[in-house]
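Welcome, and please take a moment with the sequence and the coordinates before reading on. The notes below are meant to be read beside them.

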Amino acid sequence: MTTPTPPPPPDGYGAMPPAPNLQPGWPANENSFGSEGPPPPEKPHNPWPIVIGLGAIAGILIIGVIITAAIVVLRGEEDPTAKPGPLTVTATPSTSASPAPGGLAADLFEGDWKFKLGDVSMNATYVAAQDYPDCGPIASAALEKKGCGYAAMGIHDAEGGKLRMLRVIYVFDSEAEATAAAESVKETDFDLPTGSLIADDVIGKWVAKDSSKAVVVGFVTAQKGVPETTVDDYLHYGTADIAGALIFMDL
């Protein structure tokens, strides 16, 4: 008896689809396909994802190189010719508690006095200068009680030796003491050295001005023939010149 040949399957039937891959990282088990069916067609190879991926990696590497180079340039550690950047310096205020004598006479009084401000021009010849470690030799006890710590003085002559300008600096422990002393000082508070005023004077004037922690007292005496306006000019500008210089000094 002849076994009849089974009819062919209807259209749309054939080999089973590939079994799902249940283990990530493992390739699909192609042996699960029926041997009779044709192998599944290979998908066309698309090179662009690989090119794009390699381009992205190269871009990251280039950015990394640029950042590293920038860090090296900014730090200057790897380049022996790199110059250091600008330094920032923070100023520290002076913390000296009390004034110390010495140096004012040399800094402010020694040498001829040459003054010019706008149209005003004045000159005086150096005579003498001295520092005082305390105020006793050149001030009264009353001025010392007001807080005077030390002093300095300078003498200059002008108008052919007929005018003498004496300027005395009295230094105090604080600006408040100096201001109070300048407002209350009297002529009897000064004990001036012998010869600091010109002989045979016919005009004599003085003025006191506070500056920082000091009081600047100017004395101008003149002989006959010197105009009073000239005496006033030397008194005003001579005292103001020293008071202005003391503003920039650490007393």
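## Confidence in the model

Please keep in mind that this is a predicted model. The average pLDDT of the chain is 74, and 60% of the residues score at least 70.

## The disulfide

How many disulfides does the structure hold? There is one, and it joins cysteine 135 to cysteine 148 with an S to S distance of 1.8 Å. Cysteine 135 sits in the loop between β2 (120-132) and α3 (141-145), while cysteine 148 belongs to strand β3 (residues 148-158), so the bond ties together parts that are 13 residues apart in sequence.

The torsion about the S-S bond of cysteine 135 and cysteine 148 is about -70°, so this disulfide is left-handed. Cysteine 135 is buried, with a relative accessible area of 0%. Cysteine 148 is buried as well, at a relative accessible area of 9%.

## Lysine 213

Next comes a charged residue. Lysine 213 is found in the loop between β5 (203-211) and β6 (214-222). Is lysine 213 buried or exposed? Lysine 213 is buried, yet it has no salt bridge.

Who are its neighbours? Not counting residues up to four places away in sequence, lysine 213 touches Tyr170, Val171, Phe172, Asp173, Ser174, Glu175, Ala178 and Leu251.

## Isoleucine 198

Isoleucine 198 lies in the loop between α4 (175-184) and β5. With a relative accessible area of 8%, isoleucine 198 falls under the 20% cut-off and is therefore buried.

Which residues surround isoleucine 198, leaving aside its neighbours within four places in sequence? Isoleucine 198 is in contact with Gly161, Lys162, Leu163 and Arg164, and also with Thr221, Ala222 and Gln223. For the pair of isoleucine 198 and glutamine 223, the separation is 25 residues in sequence and 7.6 Å in space, C-alpha to C-alpha.

Notes
Residues are numbered from 1 along each chain as its sequence is written. This is a predicted model: local features need pLDDT of at least 70, side-chain atom pairs count only at pLDDT 80 or more; totals for chains, interfaces and linings use all residues. Side-chain values use heavy atoms; hydrogens and water are left out. Helices (H or I, at least four residues) and strands (E, at least two) are DSSP runs, numbered from the N terminus. Buried means under 20% relative accessible area, exposed over 50%, partly exposed in between (1.4 Å probe, protein chains only). Lys and Arg count as positive and Asp and Glu as negative; His and the chain ends are not counted. A salt bridge is a side-chain nitrogen of Lys or Arg within 4 Å of a carboxyl oxygen of Asp or Glu. Contact means heavy atoms within 4.5 Å. A disulfide is a pair of cysteine sulfur atoms within 2.5 Å. pLDDT is the predictor's confidence in each residue, from 0 to 100.
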